[in-house]
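Subject: Structure handover

Hello,

Please find the structure below, with the sequence. My notes on what was found in it follow.

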Amino acid sequence: MATIEVTKADVLRAIQTEHDWWRAVVDLAETNSPVTGNEPVTGNWTYREIIGHVSGWRRWTVARLEAAADGSSPIPPWPDGMAEDSLAGVDEINAWFLQQSRSTPLDETIDEAFALIDRMRDAVE
């Protein structure tokens, strides 16, 4: 199997692409009218819940990147007793992220999404 070389610059470009994609999503959502965050987007998920869900898992990515940068052990962003080592555990974590997103105002949810992307970039730099 061939080895794929990924450079720090490649990772930073990917993070910038992620930022740009989310900026486009937020800007597009706000194009025609104010967004409350409660608009259904797919299935039973709202705009706010999707952003909150992605941010929940991104918090874990940030924790792992920051831990790798400083030589510590990452601490999962979900409560003790939950684990991502099984489908049931991931479902439990997803449900927790969903509840968290429902109680967070949309502007804070969006701000955190971009702050997490910034932290990813900072951890890689």
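Before the helix pair, a definition: an axis is a line fitted to C-alpha atoms, for helices over the stretch in contact, and angles run from 0 to 180 degrees between N-to-C directions. The axes of α1 and α4 come within 9 Å and cross at roughly 170 degrees. Angles under 35 degrees count as roughly parallel, over 145 as roughly antiparallel, 65 to 115 as roughly perpendicular and the rest as oblique. The two helices, α1 and α4, are therefore roughly antiparallel to each other. On the α1 side the contact (heavy atoms within 4.5 Å) is made by K8, V11, L12, I15, E18, H19, W22, R23 and V26. On the α4 side it is made by I110, F114, I117, M120, R121 and V124.

Some background on the model. This is a predicted model, in which local features need pLDDT of at least 70 and side-chain atom pairs count only at pLDDT 80 or more, while totals for chains, interfaces and linings use all residues. Residues are numbered from 1 along each chain as its sequence is written, and side-chain values use heavy atoms, with hydrogens and water left out.

The pLDDT (the predictor's confidence in each residue, from 0 to 100) averages 91 over the protein chain, and 100% of the residues score at least 70. Confidence is lowest in strand β1 (residues 40-42), at a mean of 81, and highest in helix α4 (residues 106-124), at 95.

The protein chain has four helices and two strands. Helices (H or I, at least four residues) and strands (E, at least two) are DSSP runs, numbered from the N terminus. Their order from the N terminus on is α-β-β-α-α-α. The C-alpha atoms fill a box of roughly 45 × 35 × 30 Å, taken along the principal axes. Of the 125 residues, 29% count as buried; buried means under 20% relative accessible area, exposed over 50% and partly exposed in between (1.4 Å probe, protein chains only).

Next, the cores. A nonpolar core is a set of buried Ala, Val, Leu, Ile, Met, Phe, Trp, Tyr and Cys residues joined through side-chain atoms within 4.5 Å. The largest one has 14 residues, of which Y47, I51, I110 and F114 touch the most other members. Helices α1 (8-29), α2 (47-70) and α4 each supply at least two residues of this core, and the largest share, eight residues, comes from α4. Not counting residues up to four places away in sequence, I110 touches V26, E30, Y47 and I51. A second, separate core of seven residues includes W57, M82, I93 and F97.

Is N94 buried or exposed? N94 is in helix α3 (residues 87-102) and counts as buried because its relative accessible area is 18%. Its side chain makes a polar contact with the side chain of W57 (2.7 Å). Such a contact is a pair of N or O atoms within 3.5 Å; within protein, one must be able to donate a hydrogen and the other to accept it, and residues adjacent in sequence count only if both atoms are side-chain atoms.

E84 lies in the loop between α2 and α3 and is partly exposed, with a relative accessible area of 36%. A polar contact of 2.7 Å joins the side chains of E84 and W60. Leaving aside neighbours within four places in sequence, E84 is in contact with W57, W60, W78, V90 and I93.

Regards
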